[in-house]
Every structure is written in C-alpha cells, then in structure tokens.
Amino acid sequence: MNGADSLCDTLLTNNVDVCFANPGTSEMHFVASLDKRPEMRCVLGLFEGVVTGAADGYARMADKPAATLLHLGPGMANGLANMHNARRAQTPMINIVGDHASYHLNYDAPLTSDIESLARPMSDWVRRIQSADDVSPAAAAAISAAQTEPGAVTTLILPADAAWTNTTASTRRAVVPQPTEVDALALRTVADALRNGRKTVIMLGGKALRSKALEAASRIAVKTGARLLAQQANSRMERGAGRVKIDRLPFNVDLAIKTLEGTEQLVLIGARMPAAFFAYPGKPGSPVPQACARIDLTQPGDDLAQALDALAEAVGAGHSVTPDLCERHANELPSGTLTATAVIQAIGALSPNNAIICDESVSSGRDSFRHTFGSAPHDFLAITGGAIGIGIPLATGAAVACPDRKVILMQADGSGMYTLQGLWTQAREQLDVVTVVFANQRYAILHGELKLVGAREPGRNASRMLDLDTPTLDWVSLAKGAGVEAASANTAEGFADLLRSALSRKGPFLIEARI
C-alpha cells in the first residue's frame with residue numbers, strides 16, 4: 001500500500017465516496033488508486049470551478065462531504081471562487097490538492113506555487129501531508145474538521161512522493177465532534193427578550209431552515225408575535241406547500257432597510273449579522289437600525305434544531321401551537337410576453353414534489369419567493385458568497401447527491417458563462433437537471449448597481465462592459481455542443497410547454513428563456 005492507497009481507504013472508511021476531479025501529473029498515483037476502488041464515484045469536471053462548485057452542491061444535499069481532486073496551486077486557484085461560496089455556505093468539503101514531490105520544490109518548476117497561501121483565504125482548515133505515513137492521519141483530520149458543525153472547507157495538500165511511497169500505517173477513522181447544546185444563559189436571555197413586548201425579528205440561517213426546525217421557529221413566532229426571516233443568502237431552505245412560510249432579507253440595501261425598519265431586537269439563530277452586499281455612497285453598511293439590540297441564541301457548533309426546540313419550550317410554544325404553513329396554490333400558467341416573472345411563475349406552477357431548485361438567476365430571480373411559497377415542496381439552494389459561476393456546478397453536485405429527485409436550475413446568462421463546462425459533466429453523468437437560462441443578454445445586476453452608486457446612465461464604454469449582445473450568446477448551441485439537449489422560448493406559453501416536457505423526462509435539458 002502506498003500513500004495514495006491510504007488516502008483512498010481513509011476517505012472510504014469515513015463514508016466519503018464521491019470525488020469531483022480535474023487531475024494532473026502530480027495526482028496520477030492517487031488517480032491509479034481511485035481506479036482500483038469502484039466504490040468511489042469519480043466525476044470529472046472540465047474546469048476546477050465546476051469541481052469545487054459541484055462538491056458544494058453535493059454536500060448541501062447529501063449532508064456529508066465529497067472530495068475534490070485539484071492539480072497544484074494553479075488548478076486550485078481556478079476553483080477558489082466556488083471554494084469561497086462553499087465556505088460562506090458552511091459546506092463540508094475536502095479539497096485534495098496535489099503538489100510536486102517534496103524534494104522537487106527546490107527546482108522551482110513552472111507549476112510550483114505557495115499552495116498554503118492560496119488556500120487559506122478560501123479554506124477553514126489547511127494541512128500539508130508530511131509523508132506517506134502521515135496521509136491517513138491528515139486525511140482523517142480533514143474529514144473531522146469538514147464535518148464539525150456547521151461545516152467547513154478543508155484543504156489537504158498531497159505531495160507526489162507522499163502518494164507514491166509505501167506505508168504500513170493503519171487507516172484512521174475520523175472523530176467528528178457532536179453538535180453542542182444551546183447555552184442555558186443565552187436561552188434564558190432570548191426567552192426573556194421574546195416576552196418584553198419589543199418589536200422583534202428572529203433571523204435564521206443554516207440548518208435552522210430545514211422543515212422541522214422551521215416548524216419550531218414558526219411556533220415561537222406565533223406564540224410571541226416575533227417575525228421570522230431568513231438571512232439573505234442561504235445554503236439550503238426547505239420550502240413550499242406544507243412547510244413554514246418564511247421570506248429572506250432582500251438583497252437590495254434599500255429594501256433590506258425597509259424590511260427591518262422599526263426592529264428593536266434581532267435574534268440570530270444560525271445567522272450572521274446582516275450587512276449590505278456592498279458600500280454605497282450615503283447608505284448604511286448594515287440594514288439593521290442602529291438602536292436595534294443584537295441577541296445571539298446560538299454559537300457555531302450548536303445544534304440549531306435542538307436550540308429551537310428548547311426555545312419553543314421556554315416560551316410555551318409547544319406542539320399545541322400551530323405553525324404558519326404554506327398552502328398549496330394551483331398557480332395559473334402565465335401567457336403572452338416572456339418575462340423573468342413569467343418564467344418563475346411557470347417554474348412555481350409546474351415543479352414536481354420534492355424538486356431541488358438551484359438559484360443563480362441573480363437580478364431576474366430577486367422576487368422569486370413571492371411566486372413559489374405555495375409551490376410543491378422543494379429544497380432551495382442559492383449562491384451564498386456572491387462569486388458568480390456557482391449555478392451550473394451547484395445543480396450538478398445536487399443531482400449527483402440525489403439521483404431520484406428532479407433538479408431545476410434558474411441560471412442568469414452572464415454568470416452561466418463562467419462555468420458552462422458543467423453542462424458537459426451533466427451530459428456525461430446523465431444527471432436529471434433542467435437548466436433554465438434567463439437570457440437577457442446583459443449583466444442586468446450591474447446596470448442596477450451602476451445606478452445605486454449614483455453613476456449616470458451607461459454610455460458606450462460602460463455598455464460594452466455590461467451588455468452581452470454583440471454577439472448574442474446562443475445557449476441552445478452551447479448546450480448541444482456539450483451534449484445537452486436544448487431549446488429556446490420567447491413566449492410564456494412556449495416556455496411552459498418546454499418546461500413541462502423537460503420535467504416529464506429524465507436526463508439533462510436546457511431551456512433558453514429569451515426574456
């Protein structure tokens with residue numbers, strides 16, 4: 001057994017059985033070891049941003065990490081944007097980055113780089129393997145760190161000589177700490193605050209947005225008169241008919257300020273303190289009123305569902321209190337001109353039970369919740385770190401994790417071009433993903449941001465940096481070139497017909513919605 005074999009065995013022993021990969025020469029011994037272990041599913045991405053984004057989508061739905069395989073520092077650098085998104089989503093991920101043999105680093109070969117320095121800003125945990133005997137202990141430590149609540153992005157650097165050298169070290173099992181219980185003092189403080197009559201918002205994030213935890217949160221809100229709200233960007237929300245009706249804090253800073261206007265107390269449960277996505281002249285950096293008191297119920301590592309159950313008991317919001325659940329709405333299909341709203345209405349009306357909806361529609365989908373509260377029950381995965389290019393990989397990983405569920409991706413056209421290589425992976429793996437491209441031929445969000453910062457209407461130079469219409473992107477041809485069947489629609493009726501057809505069949509399909 002060599003170090004690469006030891007790494008494979010350690011991953012499999014600890015139930016890490018999917019590897020999203022884009023390997024190179026330094027990783028060939030690990031590739032050879034993976035080849036001998038058919039129980040490990042290996043999924044090729046044609047760009048490292050697809051690899052890391054797919055690992056993110058996989059873990060959000062599987063509730064366990066996948067491994068990624070990346071080629072030295074430059075290969076990992078290609079995947080950093082979606083490592084950033086995963087870190088902001090608190091996604092468990094194990095990045096395995098190959099490196100030159102340890103003795104070869106002195107030669108400063110062309111691909112030599114400072115991998116640790118590249119990895120640290122987008123990782124919660126980084127470790128370089130020291131030898132073949134160190135492979136299993138290091139891998140077990142990475143797995144443990146990745147799965148410690150609420151989840152972490154870990155990066156393990158594998159020198160080529162550590163991979164090819166023989167080892168007799170035993171295969172380690174990772175020790176994963178159990179989630180902690182909510183602090184008793186914090187529980188009393190929040191319970192007292194919810195009784196004091198002040199205008200209170202309970203803001204949720206992380207696993208507090210799963211259906212059972214949400215029901216406890218809703219009972220608390222019904223009992224105390226507090227308002228429930230999800231933080232703006234969330235890794236996974238369980239939504240739809242029969243589930244708790246909860247909105248998210250708007251992206252737009254003015255709308256966010258209006259949403260929280262008058263709030264006297266903000267109770268955070270698995271959520272971060274809200275902040276504007278960017279600084280704008282004359283606008284506050286946080287939408288929270290200055291006089292609002294911040295009260296944290298939980299800390300990282302806490303069991304959010306347990307915390308909500310304990311809080312419900314503390315305020316007398318037991319199961320006799322009825323949570324505010326969404327009713328199933330038989331939404332009428334839109335007709336006439338195809339707009340972003342019409343696309344979302346059709347998705348809301350036609351989505352099957354237990355679908356997974358991934359969202360990188362950016363500006364086109366800002367108002368999507370309003371049209372989907374009463375849709376069939378579904379999981380909702382969103383961009384979390386603001387680095388565009390997550391949509392197609394996110395849907396790819398979710399489909400690998402849940403092969404029996406339909407995945408629907410709402411994808412903006414500009415950000416879709418960052419990682420459209422993921423369509424090829426969907427075709428190769430025959431993943432059940434329907435991709436809906438909002439084809440408005442522009443970075444519409446940046447047109448809005450230009451106005452928000454107080455700039456004038458875009459002239460020639462600005463338009464050439466913000467518009468995608470010369471030449472116009474042909475998403476049908478792009479998808480077919482990657483092996484994915486595709487069609488376009490320019491009317492609401494035509495879009496609904498295509499969506500209905502795509503949802504009725506298995507395998508990848510792309511719809512270009514010309515809005």
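**Close-up views of cysteines and charged side chains**

**View 1. Cysteines C8, C42 and C19.** The sulfur of C8 lies 7.8 Å from the closest cysteine sulfur, that of C42, which is too far for a bond. C42 is likewise in no disulfide, its nearest cysteine sulfur being that of C19 at 5.3 Å. The structure holds 0 disulfides, a disulfide being a pair of cysteine sulfur atoms within 2.5 Å. C8 is buried, with a relative accessible area of 1%, whereas C42 is partly exposed at 37%; buried stands for under 20% relative accessible area, exposed for over 50%, and partly exposed for values in between (1.4 Å probe, protein chains only). The model is predicted, so that local features need pLDDT of at least 70 and side-chain atom pairs count only at pLDDT 80 or more, while totals for chains, interfaces and linings use all residues. Residues are numbered from 1 along each chain as its sequence is written, and side-chain values use heavy atoms, with hydrogens and water left out.

**View 2. The salt bridge between R210 and D63.** The side chains of R210 and D63 meet in a salt bridge with an N to O distance of 3.0 Å, the term standing for a side-chain nitrogen of Lys or Arg within 4 Å of a carboxyl oxygen of Asp or Glu. Because R210 lies in the loop between β7 (200–204) and α10 (211–224) and D63 in the loop between α3 (48–62) and β3 (67–71), the pair ties together parts that are 147 residues apart in sequence. Helices (H or I, at least four residues) and strands (E, at least two) are DSSP runs, numbered from the N terminus. R210 is buried at 17% relative accessibility, whereas D63 is partly exposed at 41%. Both residues belong to a network of salt bridges that also links R236, E238, D379 and R405.

**View 3. The salt bridge between K283 and D254.** K283 forms a salt bridge with D254, their closest N and O atoms being 3.0 Å apart. This pair links distant parts of the chain, 29 residues apart, with K283 in the loop between β10 (265–269) and β11 (293–296) and D254 in helix α11 (residues 253–260). K283 is partly exposed at 27% relative accessibility, and D254 is partly exposed at 35%.

**View 4. A surface patch around D309.** E181, D303, D309 and E313 gather in a patch of negative charge on the surface, where patch residues have over 30% relative accessible area and no salt bridge, and like charges are joined within 9 Å. D309 lies in helix α12 (residues 304–314) and is partly exposed, at 43% relative accessibility.

Note on methods. Patch = residues over 30% accessible without salt bridge, like charges linked within 9 Å, V, L, I, M, F, W, Y side chains within 5 Å. Areas by Shrake-Rupley, 256 points an atom, 1.4 Å probe, with all protein chains shown as cover. Lys, Arg positive; Asp, Glu negative; His and termini not counted. Charge placed at Lys NZ, Arg CZ, Asp CG, Glu CD.
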